[in-house]
Amino acid sequence: MPAPTPLDLLLLPSWLVPIEPAGVVLKDYALGIRDGIISLLAPRDEALQHPAKEVLELPDMLLSPGLVNAHGHAAMTLFRGLADDLPLMDWLNNHIWPAEGRWVNEDFVRDGTNLAIAEQLKGGISCFSDMYFFPQTACQSVHDAGIRAQISVPILDFPIPGAPSAEEALRIGFQLHNDLRHHPRIRIALGPHAPYTVSDATLENLRQMAEEQDLAIHMHVHETCHEVHEALHRNNERPLARLARLQLLGPRFQAVHMTQVNEEDLALLTRYNCQIIHCPESNLKLASGFCPVQQLWEAGVNVAIGTDGAASNNDLDLLGETRTAALLAKAVSGSATALNAHQALRMATLNGARALGLEDQIGSLELGKQADIVAFDLSGLSQQPLYDPVSQLIYAGNRNQARHLWVAGKKLLDNYQLTQLDETQLIATAKAWAQKIGEATSA
């Protein structure tokens with residue numbers, strides 16, 4: 001009988017949280033990786049009987065699926081702190097859109113996306129969804145860095161950087177999808193900005209393309225009360241109802257924000273099995289409203305979590321975002337039992353994977369899935385004493401405890417250090433942009 005093929009890597013953490021089945025913490029378990037795939041889950045002693053090219057002890061560490069940041073605008077890291085403490089429409093119309101018109105080009109997107117990827121990897125994020133200009137450039141950054149991503153091609157009814165029309169944006173999306181349809185880590189989606197910036201005609205063209213190419217649709221929806229009121233005033237129709245009428249809703253539809261949800265909205269979301277992406281800290285900072293996470297969860301709607309862009313957050317800290325989401329869910333629902341720690345971690349992993357249509361590949365530590373994994377170090381002073389490692393991670397942990405991270409079995413974070421990106425160079429590049437933008441803004 002031939003000898004068994006050795007594992008590429010055997011991980012031996014103190015705790016393993018598979019996410020599926022729900023609520024489980026495995027103590028003194030091991031995980032084995034072969035060819036980028038999870039190939040072994042077994043008790044430590046049993047796992048050590050399997051040959052492995054490398055064995056890595058992870059004492060006092062919690063092994064989890066890599067976090068999934070289901071919504072953001074990666075390159076906007078270069079606008080971090082540029083226009084703080086303003087309401088959404090003032091922030092957009094008078095500050096962000098003018099800055100984008102002046103500064104955003106392919107170099108800006110490359111440098112900002114690289115900075116965002118590095119920040120996310122160092123915080124335990126192995127997959128992110130991006131919606132920003134020059135998506136071709138963002139795809140190249142994702143490819144080079146080794147991270148996993150959904151790149152949503154932005155579509156608006158007026159010229160944007162890199163796409164002078166909605167028709168050109170759709171053409172770019174179609175071309176990117178064709179070019180990258182077999183890429184192991186990049187998935188293309190269509191990103192109509194919001195109901196108030198995209199016409200019915202554009203949405204109908206977009207829907208046809210999404211159906212023909214099996215593409216997800218990623219869109220800001222019901223972000224504020226003002227958005228809903230304006231739509232009712234103009235058309236006597238709520239934005240979500242309009243999208244339903246245009247046949248955009250379905251399992252591939254990713255509705256970002258959804259701070260305004262009435263019974264009619266909830267019925268549509270459940271009927272069409274839509275995906276909701278909750279961005280609590282951006283919503284709080286812009287005073288946009290509160291997504292009723294517990295109500296959606298109890299109705300069976302899948303709710304994932306996103307940071308939004310660093311210009312409105314101001315960080316890409318998904319672990320901190322998840323803690324905020326858990327606390328906010330309790331306050332909004334009036335129940336201390338709402339969105340417990342295990343559910344919060346699930347929202348940041350498997351729910352995020354499901355929202356992006358990747359639940360068969362990532363989001364849980366199961367045999368046959370991609371080895372997208374993060375090891376959080378719980379040995380520090382502020383994690384003691386430790387009774388429940390998941391509660392400790394969500395309520396007392398922080399992103400700086402992400403010690404190791406793998407995507408498809410490739411180590412991208414090694415003992416807190418990036419393996420594919422030069423952190424010193426990224427900081428220097430960001431400072432150069434800050435000096436240039438800052439001087440122009442103050443002139």
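Is Asp-35 buried or exposed? The points below take up that residue and several other features of the model.

1. This is a predicted model, in which local features need pLDDT of at least 70 and side-chain atom pairs count only at pLDDT 80 or more, while totals for chains, interfaces and linings use all residues. Residues are numbered from 1 along each chain as its sequence is written, and side-chain values use heavy atoms, with hydrogens and water left out.

2. Asp-35 is exposed, with a relative accessible area of 67%, where buried means under 20% relative accessible area, exposed over 50% and partly exposed in between, for a 1.4 Å probe and protein chains only. Asp-35 lies in the loop between strand S3 (29-34) and strand S4 (37-43); helices (H or I, at least four residues) and strands (E, at least two) are DSSP runs, numbered from the N terminus. Although Asp-35 is not a glycine, its phi is positive, at about 55°.

3. Ala-408, in the loop between strand S15 (402-407) and strand S16 (410-414), is not a glycine either and has a positive phi of about 50°. Ala-408 counts as partly exposed, at 26% relative accessibility.

4. Two peptide bonds also deserve a look. The bond from Glu-20 to Pro-21 is cis, with omega near 5°, and Pro-21 sits in the loop between strand S1 (9-16) and strand S2 (26-27). Asn-313 and Asn-314 are likewise joined by a cis peptide bond, with omega about 20°, and Asn-314 belongs to the loop between strand S13 (302-305) and helix H12 (318-333). As background, most residues other than glycine have a negative phi, and most peptide bonds are trans.

5. Strand S1 is mostly covered, with eight of its eight residues buried. S1 pairs with S3 in the antiparallel sense over three bridges, where pairing requires that DSSP finds at least two bridges between the two strands; Leu-10 has Gly-32 of S3 as its bridge partner. S1 and strand S5 (residues 55-65) run parallel and are joined by six bridges, and there Leu-16 has Leu-63 as its partner. With S2, S1 pairs in the antiparallel sense over two bridges, and Trp-15 stands opposite Lys-27.

6. Arg-242 is placed in helix H8 (residues 239-245) and counts as buried, at 10% relative accessibility. The side chain of Arg-242 reaches the backbone oxygen of Val-198 at 2.8 Å. Not counting residues up to four places away in sequence, Arg-242 touches Pro-195, Val-198, Ser-199, Asp-200, Leu-203 and Glu-237, where contact means heavy atoms within 4.5 Å.

7. Of the 22 residues lining the largest cavity, the closest to its centre are His-73, Met-76, Leu-92, His-193 and His-220. A cavity is a set of points, on a 1 Å grid over the protein atoms alone, where a 1.4 Å probe fits but cannot get out, and lining residues have an atom within 4 Å of a point. Grid points are joined across faces, edges and corners, and a volume is the space filled by probe spheres set on the points. Helix H2 (residues 88-103) gives the largest share of that lining, six residues.

8. The second largest cavity has a volume of about 60 Å³, and helix H4 (135-145), strand S8 (148-155) and helix H5 (166-180) each supply at least two residues of its lining. Among the lining residues are Phe-133, Phe-134 and Ile-172.

How values were computed: Polar contact = N/O pair within 3.5 Å; in protein donor to acceptor, adjacent residues only side chain to side chain. 1 Å grid on protein atoms, 1.4 Å probe; cavity = no way out; pocket = protein on both sides within 12 Å on 5 of 7 lines; lining within 4 Å.
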